[in-house]
Amino acid sequence: MSVPQKTPVNATSVIELRGVKYAYGDGPNVLDGVDFKVRDGEFLGVIGPNGGGKTTLLKLILGLMRPLEGTVSVLGKAAADLGHDRRLLGYVPQDVIVRKQFPATVLDVCLMGTYASLGLLRWPGATERANAKQALHDVGLEGLEERLAGNLSGGQQQRLSIARALVAQPRLLLLDEPTSGLDTGGQAQLFTLLEKLRKQYHLTVVMVSHDVTALAHYADELACLNRTLHWHDRSELISEAVLRKVYACELDAFFIQHQKHLEEFHGDHAPAGHAHGPHCSHDHGHSHGDHGHSHDDHGHSHGEGQA
C-alpha cells in the first residue's frame, strides 16, 4: 500500500479555531478551549469517543452554529457568516441512506448538491447536470444515473453522498463517520476513493471516524478530541498512550454499565467492579475541565513535528 503524499508545511490555513467553547442549552461544555488549524490541501482525521464533540465540531465549521466563546474561521471568514461561499464546503453527514420509497434517481440526488449554489427558485441546468454526471463518474457510479437511489447498496449510497457533496466543486470536504456500516473491504475502497478525489478536486478534507488505523495511514494529521483537544500532530506520531487517554472514559462507561447490569440481574453473585471503571480516575460528576490535560499540556502544537 503506497503512502499518500503529505501536505506542504507552508500551505495557507483554510480552517482556524481559537478558544472555541460550545454547549447545548444549560448543559456542560461539549467543546472547551479548542484551538487548531487545517491547512489548504490537508487531510485531517478527527478521532475520539462518542459524545466527545466531533459532530459538533463539524457543525461549527459548517457555520450551522456559533461558538459560545472563541472564533471559527473558514476560508478567511467567520464560519457562520460565509453566506454564498458556503457552497465551497461539501458535507457528507452520518445518515446518508435514501429510503426505497423515495422517488428520486441517482442523478436527482446528486443534483441536490447544487441547490445551495443556485439559490432559491433556480433549477439545475445543463452545466449542473454535466457536473453531476462527472461527479458520479468520479465516484464510480457512472451508468446508474437513472436508477432509483433507494435501490443502491449501502456502499453505493455512500459514494452517492460524496458525489452530491462534490457536484458544486467545493474547496473543503467534511465527512462524519463515512465508513460506518461498511465492511472492511468497503472501508478500504472508500479511503482509496477519497485519496483520489482529494488530488483530483484539490480538496482539503476533514473526516470524523473511529477507524484510527486507516486514518493514521491516509490522513496528514490526527486530532484527538474529547471535549478538549488532547492531541494534534502528524498522524504517524500517534501513540498508544494518547489513544488510551482519549478513549479511557468511553471504555470505562462500558464497564460501569456492565457492572450495573450484573448487580441488577445477578445480585449478590455479581463480581466486584470499579466505581469509575478500571482506567478512569475522573470524577464523572464534574465538567470536562477537571479531566486530564488540555492540548497545550501535551506540549504539541500544530506546527510541531512538521519539519
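Buried means under 20% relative accessible area, exposed over 50% and partly exposed in between, with a 1.4 Å probe and protein chains only. By that cut-off, strand 9 (residues 221-226) is mostly covered, with six of its six residues buried. The model is predicted: local features need pLDDT of at least 70, side-chain atom pairs count only at pLDDT 80 or more, and totals for chains, interfaces and linings use all residues. Residues are numbered from 1 along each chain as its sequence is written, and side-chain values use heavy atoms, leaving out hydrogens and water.

**Strand 9**
- Helices (H or I, at least four residues) and strands (E, at least two) are DSSP runs numbered from the N terminus.
- In a regular strand, side chains alternate between the two faces of the sheet.
- Glu221, Ala223 and Leu225 are buried on one side of strand 9, and Leu222, Cys224 and Asn226 on the other.
- Strand 9 pairs with strand 3 (residues 43-47) in the parallel sense over four bridges; pairing requires at least two DSSP bridges.
- Alanine 223 in strand 9 is the bridge partner of valine 46.

**Helix 1**
- Helix 1 (residues 54-62) has seven of its nine residues buried, so it is largely enclosed by the rest of the structure.
- Those buried residues are Lys54, Thr56, Leu57, Leu58, Leu60, Ile61 and Leu62.
- Glycine 63, with a positive phi near 80 degrees, follows helix 1.

**Helices 5 and 6**
- Gln158, Arg159, Ile162 and Leu166 in helix 5 meet Gln189, Leu190, Leu193, Leu194 and Leu197 in helix 6, where contact means heavy atoms within 4.5 Å.
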